[in-house]
Amino acid sequence: MKNVINWDSEWQYSQQLTDSLRKFEKNGTIHHLCFMPGGWACFRSGEPADRLLRNLSLQCEGKVISHRWLDGDNCGSVLWQDGRESRYIPPLETPDWHSLTEEVAEKTEAWEACAAFHKKLDSCWETYIAKLRELTINQLSEQATEIAAAALCYGELRNISWQKTWIEYFNQVEDPLAEAQKAMLTMLSEETYRNFDAAMWGLMDKADLERGHNKEAAQEQSIQV
């Protein structure tokens, strides 16, 4: 069953809820747990997660946790507050039911794709760092630009979560870090040439201006003499 839950990310029990879900995944109660910014999480479970989430809510003093699930037959949302349970399940095969089903399925698939991407990215970064440790000081110095580009790309890619097009692309390539680094170096190279040309023209302009000043100064001096 696919489950999507949401809670107030600012409340004091947010970390407690996160830790509890991680423990549930560790002991096998739930699977494929993914966390997203804003107090969202999704996971798969072998059986309805109603009791699990109600217990979490009670642990957090009855705070509100919204839940939606999809198991092929039942799809709905549940709210727990102050230990009281309320439930709304759209009638099977109605427009509301199909809409909710699609929403849960899309969010779960998107989060699982994002989790797979981050796992691949971290693995590529660890491999890259291991290779750097084998280099000499001179080699590191020679590759400083490439290393800086890789570090920048890793940091930026670690922050993406909802760029669906990017994630779909990077999940299809073997090494997303290398792909991003290559694109970044190409851009930096082109930008460097543009900046170099601009700098050279600026230097010429400065030289022309200085020659003009020197010429004027020489003329003034000759007149005074």
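Which residues do ring pairs link into a cluster? Phe 117, Tyr 169 and Phe 170 are the ones, joined through ring pairs. Hello everyone, and let me walk you through the rest.

A word on the ground rules before we go on. This is a predicted model, where local features need pLDDT of at least 70, side-chain atom pairs count only at pLDDT 80 or more, and totals for chains, interfaces and linings use all residues. Residues are numbered from 1 along each chain as its sequence is written, and side-chain values use heavy atoms, with hydrogens and water left out.

Let me stay with the aromatics for a moment. Rings of Phe, Tyr and Trp (for Trp, its six-membered ring) pair if their centres lie within 6.5 Å; planes under 30 degrees apart count as stacked, over 60 as edge-to-face and the rest as tilted. By that rule there are four aromatic pairs. One of them is Trp 125 with Tyr 154, a stacked pair with 4.5 Å centre to centre and 5° between the planes. This pair links distant parts of the chain, since Trp 125 is in helix α3 and Tyr 154 is in helix α5, 29 residues apart. When I name helices and strands, I mean DSSP runs numbered from the N terminus: H or I with at least four residues for helices, E with at least two for strands. Tyr 154 counts as buried, at 18% relative accessibility. Buried here means under 20% relative accessible area, exposed means over 50%, and partly exposed is in between, with a 1.4 Å probe and protein chains only.

A nonpolar core is a set of buried Ala, Val, Leu, Ile, Met, Phe, Trp, Tyr and Cys residues joined through side-chain atoms within 4.5 Å. The largest one has 25 residues, and Phe 117, Leu 157 and Leu 177 have the most contacts inside it. Where do its residues come from? At least two are supplied by each of β2, α3, α5, α6 (164-170) and α7. Helix α3 gives the most, with nine residues.

Now please turn to the strands. Two strands pair if DSSP finds at least two bridges between them. Strand β1 runs antiparallel to strand β3 (residues 40-45), and five bridges join them. Along that pairing, Asn 3 stands opposite Phe 43, and Val 4 stands opposite Cys 42. On to β2 (residues 30-36): this strand also pairs with β3 in the antiparallel sense, over five bridges. There, Phe 35 faces Ala 41 in β3. The hairpin of β2 and β3 has three residues between the strands, and in it Gly 38 takes a positive phi near 90°.

Is β1 enclosed or open? Five of its five residues are buried, so β1 is largely enclosed by the rest of the structure. Both of its faces are covered, with Lys 2, Val 4 and Asn 6 buried on one side and Asn 3 and Ile 5 buried on the other.

Side chains of opposite charge can pair when their charged atoms come close. I count a salt bridge when a side-chain nitrogen of Lys or Arg is within 4 Å of a carboxyl oxygen of Asp or Glu. How many salt bridges does a search of the whole structure find? The search finds four, and I will show you some of them.

Glu 109 forms a salt bridge with Lys 2, with the closest N and O atoms 3.5 Å apart. That pair links distant parts of the chain, as Glu 109 sits in helix α3 (residues 95-132) and Lys 2 in strand β1 (residues 2-6), 107 residues apart. Lys 2 is buried, with a relative accessible area of 16%, whereas Glu 109 is partly exposed at 45%.

Next, Arg 158 and Asp 122 meet in a salt bridge at 3.2 Å, N to O. Arg 158 lies in helix α5 (residues 144-158) and Asp 122 in helix α3, so the pair ties together parts that are 36 residues apart in sequence. Both count as partly exposed: Arg 158 at 35% relative accessibility and Asp 122 at 23%.

Arg 22 and Asp 19 also meet in a salt bridge, at 3.7 Å, N to O. These two are separated by about one helical turn because they are three residues apart in helix α1 (residues 14-26).
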